Amino acid sequence: MKSAKDLKLGERAIIKDIDNDHPSSRRIMELGFTPGQEIVMLGSTVFNDPIALSVRGTIIAIRIKEAACIKI
Amino acid sequence: MKDILTENKVSLITLVGPPNSGKTTLFNQLSGKNYKTVNYPGSTVEYSISRILNKYSINANILDSPGIISLLPSSPDEKISVDSLFSHPKFGVPDIVVVTVDASQLSRHLYLVNQLINSNFRVVVALTMNDLLKRKGYQVSVQKLSSILNCEVIKVNGKSGEGIDELIKAIGRQLKNNSYEEGRAEISFNNSSHDLLGSYKKIETIENEVLISAGVDDKNGTIDIEKLNEKLVVLNSGRSFARPDEFTLKLDKIILHKYFGLLIFFVFMSLTFTSIFWLAEPAMEVINELFSYLSEEAAAIAGDGWFGNLISNGIINGVGSVLVFLPQILILFLILGLLEDSGYLARGAMLIDKPLSKIGLNGKSFVPLLSGFACAIPAIMATRTIANKRERLLTIFIIPLMSCSARLPIYALLIAFLMPSDKPWLGGIVLAFIYLFGILSSLLISSLANKFSKNILKVKDNSSFILELPAYRIPSLITVITRTFNNAKQYILKAGHVILYLSVILWFLTYFPDTNPDIQIEGKTEDEIIQLKNSERISNSYAADLGKFIEPVMKPMGMDWRIGVSLISAFAAREVFVSAMALIFKITDDEDNLQNSLLESMKSAEIEGTGIKLFTTATTTGLIVFFVFAMQCLSTVAISRKETGSWRIPLLQIFVFTAIAYLLTLITVNGLRAFGIN
Ligand SMILES: Nc1nc2c(ncn2[C@@H]2O[C@H](COP(=O)(O)OP(=O)(O)OP(=O)(O)O)[C@@H](O)[C@H]2O)c(=O)[nH]1
Ligand SMILES: [Mg+2]
């Protein structure tokens, strides 16, 4: 299954599921990443990590490792 | 709960809300205080209390709290925050909770509101940032939201004061309201992700219902066919309220660009540090002249006995020699303030998360480390936003290595000594280099400490970086300038006290016992006689006795007891070093300005009885190196103890950093000498 970390710059996707096993998964959901929401990959850094995702009208920077539990 | 108002009890109102939702702005408005509000999530780290201003005629205290995302904490510090909400150890249980909700972030921020209502708090919702939502063409129907949530909802703007009166009225109504059940249900909701998703589903329907087009009149509720159509059109146009701020999206194309982002980061950082030197030059000149004028006048009026000497040398020069650097400190605070308020810092944190994580830190260490350049004390407090314990301790550990503003006067003096005075830009470059050196060394020390601590602690480690990037805004110049001046005032007050007392003590130690030395007067000018007398007096003083005691430690570094005494006094607070130097070395009293005459006497100072110059390129560079590393600030030690909860880190800081400072100074001085640089 693809996840948010596979998104290219400017690419959109709808969240299908949040991987419950990751220790940060609850916080990720509490921040508004819930199934059904649209996310857009807005940018990154020279190091390609973290990435900036837009969700519910805000922008959230998140490490690749943590973005991996946002399934799309 | 009985009627609080008739009991004449002071009620407690707690401001709660997600990070960056406008709590502190509202708190400032209600309390008349001026606490730090910046466009960075997590700028408030501690509960702070104040009486609500009399003009609002409500007998209550208001409590500002650190931003929380949920009542289920994710880190120990968040847990303390949340626990304090249910019952603060000092301030007790809140009578009313005012939740700030960013209107442009409705669906995310209502999540916390739901949790608070479910936990049986008396909730009043303060809807902030309505101006931002309006820019997207929407507004929130207060009536609808209020009836759905079954609690009062008030639109406010903490910046302009709009809606504050209504908020107060609503708070008053709720205080009188007896219909609440007693008792708080601590986390009466379930932790499961199923509940969480259910809660969000509910919120999404609420959002769809209460968001209406900005053109509709929410109050009188008249059904205007044209407006109603407009409303339907907007709601069907693909949830455009769910898009971030347009301006922010555009700017982020550049700031979060792979390569430009890095470039901009370096430009910002280097401009910050080099402008400290360049921009401050003219203002420093003025202060310099002023204090040397004052000192001369005082000497002329009070005579050249011990009293005149105390006033002109002990007090005026001592204080002046430090205040001279106020312009530089002001500029540093101003630039940091502008960066903070624009919303850039969160992006900076994101940009260097990866490299910082390699050495055991976190992107969230960036803002604390950066504020460490102003002062280590607020910087250490700011580390509370770092959820991971190991990363937080490591950040606290290396913060004292950032060149705080108290080191600026020292570097400025020593650089001025090293560099030709006709090329001020050279000084800027050297200063930038010192900063860079400090940063690089701290990174090295951090990575070493990280390796070390991993082996010792072997803690299970859930390192995480999730940070909300706030919308950009033009920094509010008034806020930034007020805050800069407040910071400067604090600096002056602190410096004023410490330096005043220490200057007088030091002056005493350098003046007494006032032996009247025998000097060969013949064939000497009056100036020369005074100079001789002064240097005789100092070398027989109590300070000299003290200094000679530690001279064995100073000698290997090519320094003597006079620098030793200055260094010892700098352990109370670093900036005292300069006024100590001014007292000990400013022997001549000529027309020149304060700094120049100190520089002159530094140039002519010799190690007693040897004829070898005391301040050479080698020893002065060595001194700079010493100040880069040495842990010399008592207040930092205290806050480090408080925030880490034990003496381990502060003691490590004192011993490790001071040992490094001594060793490297030793190596620098003797290394330079070995290369023929004296
Ligand atoms: N446009 C607009 N900006 C606001 C409003 N209220 C606050 N702000 C700005 O929002 C930013 C954050 O405000 P703060 O009061 O520091 O937020 P906070 O909730 O205390 O944040 P933390 O302490 O980090 O949890 C600041 O730059 C404020 O100037 C508002 O009604 N409209
Ligand atoms: Mg705050």
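**Close-up views of the predicted model**

**View 1. Buried residues of helix α18(B) in this predicted model.** Leu408(B), Pro409(B), Ile410(B), Tyr411(B), Ala412(B), Leu413(B), Leu414(B), Ile415(B) and Phe417(B) are the buried residues of α18(B). The helix spans residues 408-418 of chain B. Nine of its 11 residues are buried, so α18(B) is largely enclosed by the rest of the structure.

**View 2. The largest nonpolar core.** This core has 127 residues. Those with the most contacts inside it are Phe366(B), Ile563(B), Phe585(B), Met602(B) and Phe615(B). Its largest share, 10 residues, comes from α10(B). In soluble globular proteins, nonpolar side chains tend to be buried together.

**View 3. Contacts of Ile563(B).** Which residues does Ile563(B) touch, not counting residues up to four places away in sequence? They are Met554(B), Phe585(B), Leu614(B), Phe615(B) and Leu623(B). Of these contacts, Phe585(B) and Phe615(B) are also listed with Ile563(B) among the residues with the most contacts inside the largest core.

**View 4. A second, separate core.** This core has 58 residues. Among them are Ile62(A), Tyr111(B), Tyr138(B) and Leu149(B).

**View 5. A nonpolar surface patch on chain B.** Ile254(B), Phe260(B), Leu263(B), Val267(B), Phe268(B) and Leu271(B) make a patch of about 540 Å². Helix α10 of chain B, residues 260-302, gives the largest share, five residues.

**View 6. Phe260(B) in the patch.** Phe260(B) lies in helix α10 of chain B. Its relative accessible area is 45%, so Phe260(B) counts as partly exposed.

Methods. Residues numbered from 1 in each chain as written. Chains lettered and ligands numbered in written order. Predicted model: local features only at pLDDT ≥ 70, side-chain atom pairs only at ≥ 80, totals over all residues. Heavy atoms only, no water. Patch = residues over 30% accessible without salt bridge, like charges linked within 9 Å, V, L, I, M, F, W, Y side chains within 5 Å. Areas by Shrake-Rupley, 256 points an atom, 1.4 Å probe, with all protein chains shown as cover. Salt bridge = Lys/Arg side-chain N within 4 Å of Asp/Glu carboxyl O. Helix = DSSP H or I, 4+ residues; strand = E, 2+ residues; numbered from the N terminus. Buried < 20%, exposed > 50% of the residue type's maximum accessible area, 1.4 Å probe, protein only. Core = buried A, V, L, I, M, F, W, Y, C linked by side-chain atoms within 4.5 Å. Contact = heavy atoms within 4.5 Å.
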